[in-house]
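Q: I would like to learn how to read pockets and backbone angles in a model. Can we work through one example?

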Amino acid sequence: PKWLPDNVDPGFNDFLGFSVDDFMRLADEFEVESMSTICSMPAGTVNSDQLTEAFAKICDRAAGAGVRCDLEFIPFWGLFDLNMTWAIVRDADKANSGIVFDYWHFMRGNPDLDLLSRIPGSKISSVQLADASLAFPEDRPAPIDCLDWRVPCGEGEFPVTEITKTIADIDGLHNIGPEIFSAKFDKMSADE
């Protein structure tokens, strides 16, 4: 509910405003096995009970189509950290649910390795590797930092090894790959 963000270019809303009906139609047509869900509304717009109820409904709808439904937190919107996300996934209590764990989102939110170490690894559905500067750059908005300034693991300052070891220790490395949005990479050819 109330998904419209207040901190991105309005043209980006076309990308975010994809209907669940349209997704489910495409999921059926393309035999999709999982979906990622996000909460793009401003922080404080929707409370955790409302988020849990909405997520549970999407999980139920996805389950009817044989689709896994995973929740991804994004630190500059209303579902901004692992703590909130785990509470929603845990309380929704749906067998087809899990968490999309993005290193950039984790480090730019409220990074809590202790909490991560207590989440069942079976609830970490996918891991998105990225790196960046440790300190949040004050000279650019968070959405721009997220979409233009990531770097490959080892080229930034995130504790990538420690995070990865924590996820490995809970047996949460199931579906893992890079998610490196980068203005620098956008200018490169496919071969580069």
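Predicted model: local features only at pLDDT ≥ 70, side-chain atom pairs only at ≥ 80, totals over all residues.

Q: How much space lies in the largest pocket?

A: Rolling a probe the size of a water molecule over the atoms shows where empty space is left. Here the largest pocket holds about 1300 Å³.

Q: How many residues line the largest pocket, and which lie nearest its centre?

A: The lining consists of 38 residues, and those nearest the centre are Leu16, Ser36, Thr37, Ile38 and Cys39. Two or more lining residues come from each of helix 1 (13-16), helix 2 (20-29), strand 1 (34-37), helix 3 (48-64), strand 2 (68-72) and helix 7 (142-148).

Q: Turning to the backbone, what is the phi of Glu31?

A: Most residues other than glycine have a negative phi, and most peptide bonds are trans. Glu31 has a positive phi, near 55°, and is not a glycine. Glu31 sits in the loop between helix 2 and strand 1.

Q: Is Glu31 buried or exposed?

A: Glu31 counts as exposed because its relative accessibility is 67%, and the cut-off for exposed is over 50%.

Q: What is the phi of Asp93, and where does Asp93 lie?

A: The phi of Asp93 is positive, near 55°, in a residue other than glycine. Asp93 belongs to the loop between helix 4 (82-92) and strand 3 (97-102). With a relative accessible area of 64%, Asp93 is exposed.

Definitions and conventions. Residues numbered from 1 in each chain as written. Heavy atoms only, no water. 1 Å grid on protein atoms, 1.4 Å probe; cavity = no way out; pocket = protein on both sides within 12 Å on 5 of 7 lines; lining within 4 Å. Points joined across faces, edges and corners; volume = space filled by probe spheres on them. Helix = DSSP H or I, 4+ residues; strand = E, 2+ residues; numbered from the N terminus. Buried < 20%, exposed > 50% of the residue type's maximum accessible area, 1.4 Å probe, protein only.
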